[in-house]
Amino acid sequence: MKFRARVINAQQLIVDQVLDAHDLDRARDQLAQLGLRAISIQPESQLTLNVQRWLGAGRVDFSVLLFSQELLALLNAGLGIVESTEALCEKETDAARRQVFEKLLHDLRSGKRFSVALQEQEAVFPVLYIGVVRAAEGTSDLPQALQRYVDYQKRLEAVRSKVVSASIYPAILISVGLLVSLFLMIYVVPRFAEVYQGAGRELPFMSALMLSWGRFAAEHTSWLLLALAGGVGSLAMLWQRVQKNGGWVVVLAKLPQIGERVRIYELSRLYMTMGMLLQGGIALVKAMEVVASVVSLDVQNKLAKARHDIESGVSLSAAFESAALTTPISQRLLMVGERTGDLGKMLTQSALFYDEEITQWIDRFMRSFEPLLMTAIGLIVGVIVILLYMPIFDLAGSF
């Protein structure tokens, strides 16, 4: 059975804790063994947990990019890491984000390294970020490492924003087209059906079929709307699960024309991340282990194969080619990087090349897709209207 407890931890911070125990007494015993003092404990159903997880409950709205930018500015101004964290904590007004800073401060004042303090809050700081900071601590190069991470995140955000922006207009068109079609079928069509029902004339087959659908929709509107809401919710939960497991890459990769672009996007993310890690001083094999946390499952499997080949003495370019993690352009750039000893720079250059290719393809795709989508929506609405008025045209032709 699941229990949700609000507790005070060793750092005297109030946090939420989810427990799996047979009963309430066992849950209290678990908290005592963990050294946590309970404020409240209440049972929680699995359905509630799933809904809260889907809605994002319990997550801290903490921007690692903004934190890195502000921390970098303070470090470049001459402040130490503890002083910088104190300044950021003092200016924070949100209680949840303030707790993140307070936990960081407590760990830093206890003598822990910055990377260890970050690792204590893995739910907030990603593994990639922790790895970059840990590598910087070995070279006393934290400001430059933070700058590389900021540049890396801005590049990723630029590509992601391009994709999201290109998706907004089609999403609006589809939503409006769906709402207009529902309005016609639920409100307009049933009223035409009442008019034609008293006319005493045989209706064209398609018009009669659509009118019967309209009557059914009018009689069961509540159930239809409930089913539609349930379908949308189920699709949203399914999409979240697929997205979390990286399955969306597998689905999109099977689509014609789009599959290759998805692969390019994945390679861009892989190369950009590895380039940043290598330029930060992280060893090649270790960088491949860290980057596995930010790529899809399919790329993870290919990356594991490439890592095994590299550990066996194969070069990076050959290992990536064997694992289908290159294109002709990136293959040549990797070989140049191996000859010059600057693999990090060549990986970043490959990622920038891929990003430009993706951006151009998105622009071309949207210029052709949006008119086609508008045409399809217009045809659907037009067919409904024509079928509504077809009996009138038929009646007018009989005079």
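Trainee: Which residue does D107 form a salt bridge with, at 3.7 Å between the closest N and O atoms?

Mentor: That partner is K112, and please keep in mind throughout that we are looking at a predicted model. K112 is partly exposed, with a relative accessible area of 32%, whereas D107 counts as buried because its relative accessibility is 1%, under the 20% limit.

Trainee: And which residues are joined into one network with those two?

Mentor: Salt bridges that share partners bring K103, D107, K112 and E120 together in one network. Within it, K103 forms a salt bridge with D107, and the closest N and O atoms there are 2.7 Å apart. Both K103 and D107 belong to helix 5 (residues 95-109), where they sit four residues apart, about one turn of the helix.

Trainee: Is K103 buried or exposed?

Mentor: K103 is buried, its relative accessible area being 9%.

Trainee: How many salt bridges are there in total?

Mentor: The count comes to 12 salt bridges. Another one of them links E70 with K91, with 3.1 Å between the closest N and O atoms. Since E70 lies in helix 3 (residues 64-76) and K91 in helix 4 (residues 81-91), the pair ties together parts that are 21 residues apart in sequence.

Trainee: Changing topic, what about aromatics: which residues form the cluster?

Mentor: One aromatic cluster is formed by F62, F67, F101, F125, Y129, Y149 and Y152, and the structure holds 12 aromatic pairs.

Trainee: Which residues make the nonpolar surface patch of about 390 Å²?

Mentor: That patch is made by V164, I168, I172, V176 and V180. I168 lies in helix 8 (residues 142-197), and with 45% relative accessibility this residue counts as partly exposed.

Trainee: Now helix 13, which of its residues are buried?

Mentor: In helix 13 (residues 284-291), the buried residues are A287, M288, V290 and V291. Seen down the helix axis they fall within an arc of 160 degrees, so they line one face of helix 13.

Trainee: Last one, what does D309 touch, leaving out residues up to four places away in sequence?

Mentor: With those neighbours left out, D309 touches V314, A319 and S322. D309 is found in helix 14 (residues 297-311), and at 18% relative accessibility it counts as buried, given that the limit is 20%.

Conventions: Residues numbered from 1 in each chain as written. Predicted model: local features only at pLDDT ≥ 70, side-chain atom pairs only at ≥ 80, totals over all residues. Heavy atoms only, no water. Phe/Tyr/Trp six-rings, centres within 6.5 Å; stacked < 30°, edge-to-face > 60°. Patch = residues over 30% accessible without salt bridge, like charges linked within 9 Å, V, L, I, M, F, W, Y side chains within 5 Å. Areas by Shrake-Rupley, 256 points an atom, 1.4 Å probe, with all protein chains shown as cover. Salt bridge = Lys/Arg side-chain N within 4 Å of Asp/Glu carboxyl O. Helix = DSSP H or I, 4+ residues; strand = E, 2+ residues; numbered from the N terminus. Buried < 20%, exposed > 50% of the residue type's maximum accessible area, 1.4 Å probe, protein only. Arc of directions from axis to C-beta. Contact = heavy atoms within 4.5 Å.
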